[in-house]
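Visitor: I would like a brisk tour of this model. Please give the cut-offs as we go.

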Amino acid sequence: MPDSPRRRVCIILVDRANYGRLKPVMRAIADHPALEMSVVVGGTMVLERFDHAVNVVKEDGFPVSGEIYIELEGSTPVTMAKSVGFGIIEFCNEFQRLKPDVVLLIGDRYEALSAAIAAAYMNIPIVHMQGGEVSGSIDESTRHAITRFAQFHFPSTRRSAEYLGRMGERADTILGIGCPSSDIARSLDLRLDPAVVNSRGSGATIDVTKPFLLVVFHPITTEYGGERGQMEQLLAALDEIRMPTLLLWPNIDAGADHISKAIRVYRDRTRSAWLRTLTNLGPESYLKVLAGCACAVGNSSSFVRDASFLGTPVVLVGNRQKGRETGEHVIRVPPLKGEIAIGVRRQLERGPYTPSTLYGDGRVAERVAASLASLVPYVQKRLAYE
């Protein structure tokens with residue numbers, strides 16, 4: 001009797017965070033005898049201004065099946081909306097060419113929504129990871145929209161799984177619980193080579209053997225127009241503290257150019273001897289920096305999720321992660337200079353926290369791969385209204 005054909009799973013990568021969380025899953029899929037993987041890369045992963053992060057995927061040994069260009073320049077609400085349209089077209093082309101049995105999506109990016117719409121209209125079942133969470137920005141709506149298109153779910157926490165059920169997703173479509181970035185954190189050698197942060201980027205040289213801050217601040221698209229002022233408040237707080245700081249440039253969302261402008265103006269006017277800016281880090285390098293910093297400041301979801309595995313103190317600024325489940329390592333503050341500075345000083349005095357398993361136990365990827373191999377695909381989505 002002939003062997004059953006391997007199930008074709010198409011992985012969608014649209015930004016550096018996507019890859020950081022999906023890398024363990026991709027490895028588990030590649031190692032699974034019943035699965036065959038294709039990888040489509042788009043969004044900021046293929047853009048030079050974001051350090052062409054697709055090269056990291058290739059260097060890690062994963063074959064890239066397709067690279068698509070969907071981002072319209074501008075970082076405004078209009079360009080984001082139009083990029084969704086371009087994404088639908090390009091993902092349709094890739095799905096037609098690759099003919100996957102299942103599409104695997106993660107998170108709440110608008111580029112992932114494009115892939116979800118394309119797959120749904122082409123009758124390709126969708127598995128969605130990190131659904132059921134709560135946050136601010138347009139991400140909140142995007143995440144739940146992808147959930148509605150998806151036939152199967154792999155949420156990160158028990159509360160998220162419960163919320164999916166309350167939204168009408170059937171219990172048998174929730175395949176498991178946990179965030180796969182915990183797998184990297186569990187096995188990672190956390191020793192940080194200074195070259196990771198100092199061989200690229202620009203600004204001050206960071207002594208990674210001494211306390212330093214990690215700062216990431218992305219725009220909140222539903223507060224478009226206020227992001228530059230918020231970034232200026234954050235920079236003013238950092239200027240007051242004057243501690244060695246590694247600042248990563250923001251994502252491509254509406255308002256990102258205004259945040260970048262605030263950073264450039266501040267950097268050019270002050271020539272701060274404590275500030276270093278950097279575009280991108282690979283998944284392991286980023287986690288090493290996150291683990292090695294004395295405090296993480298800003299609004300990245302990694303400060304909620306990944307920092308919890310590592311026990312890194314966090315000052316979460318503004319509303320981008322409003323409502324998201326957090327461990328005890330997080331302090332929330334408004335985007336005001338004084339409040340931010342107080343929060344950072346409090347966390348520096350407190351020091352590291354006990355690592356948490358809220359977002360995963362470090363053994364998630366193999367469970368995801370096993371679920372992908374054993375699920376029974378279906379197309380017609382029906383909610384459990386009772």
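Guide: First, a term: buried means under 20% relative accessible area, exposed means over 50%, and partly exposed lies in between, with a 1.4 Å probe and protein chains only. This is a predicted model, where local features need pLDDT of at least 70, side-chain atom pairs count only at pLDDT 80 or more, and totals for chains, interfaces and linings use all residues. Residues are numbered from 1 along each chain as its sequence is written, and side-chain values use heavy atoms, with hydrogens and water left out.

Visitor: Is S137 buried or exposed?
Guide: S137 sits in the loop between β5 (126-129) and α5 (139-149). Helices (H or I, at least four residues) and strands (E, at least two) are DSSP runs, numbered from the N terminus. The relative accessible area of S137 is 7%, so S137 is buried.

Visitor: What is the phi of S137?
Guide: Most residues other than glycine have a negative phi. S137 is not glycine, yet its phi is positive. The value is near 65°.

Visitor: Is R271 buried or exposed?
Guide: R271 is in the loop between α10 (256-270) and β10 (275-278). Its phi is positive too, near 50°. With a relative accessible area of 65%, R271 is exposed.

Visitor: How are F91 and F95 arranged as an aromatic pair?
Guide: Rings of Phe, Tyr and Trp (its six-membered ring) pair if their centres lie within 6.5 Å; planes under 30 degrees apart count as stacked, over 60 as edge-to-face and the rest as tilted. The structure holds 4 aromatic pairs. F91 and F95 are 6.0 Å apart centre to centre, with 25° between the planes, and this pair is stacked.

Visitor: Why are F91 and F95 separated by about one helical turn?
Guide: Both residues are buried. They belong to helix α3 (residues 77-98). About one helical turn separates them because they are 4 residues apart in α3.

Visitor: How are Y266 and W274 arranged as an aromatic pair?
Guide: Y266 is buried, and W274 is buried as well. Their centres are 6.1 Å apart. The planes are at 50°, and the pair is tilted.

Visitor: Which ring does the charged end of R350 sit over?
Guide: A charge sits over a ring if NZ of Lys or CZ of Arg is within 6 Å of the ring centre and within 35 degrees of the ring normal. For R350 the distance to the ring centre is 4.0 Å. The ring is that of Y353.

Visitor: What does A28 touch?
Guide: A28 lies in helix α1. At 14% relative accessibility, A28 counts as buried. Contact means heavy atoms within 4.5 Å. Not counting residues up to four places away in sequence, A28 touches A365, E366 and A369.

Visitor: At what angle do α9 and α10 pack?
Guide: Axes are lines fitted to C-alpha atoms, for helices over the stretch in contact, and angles run from 0 to 180 degrees between N-to-C directions. The axes of α9 (residues 227-241) and α10 are 8 Å apart. Contact residues include M231 and L235 of α9, and I259 and Y266 of α10. The angle is about 35°.
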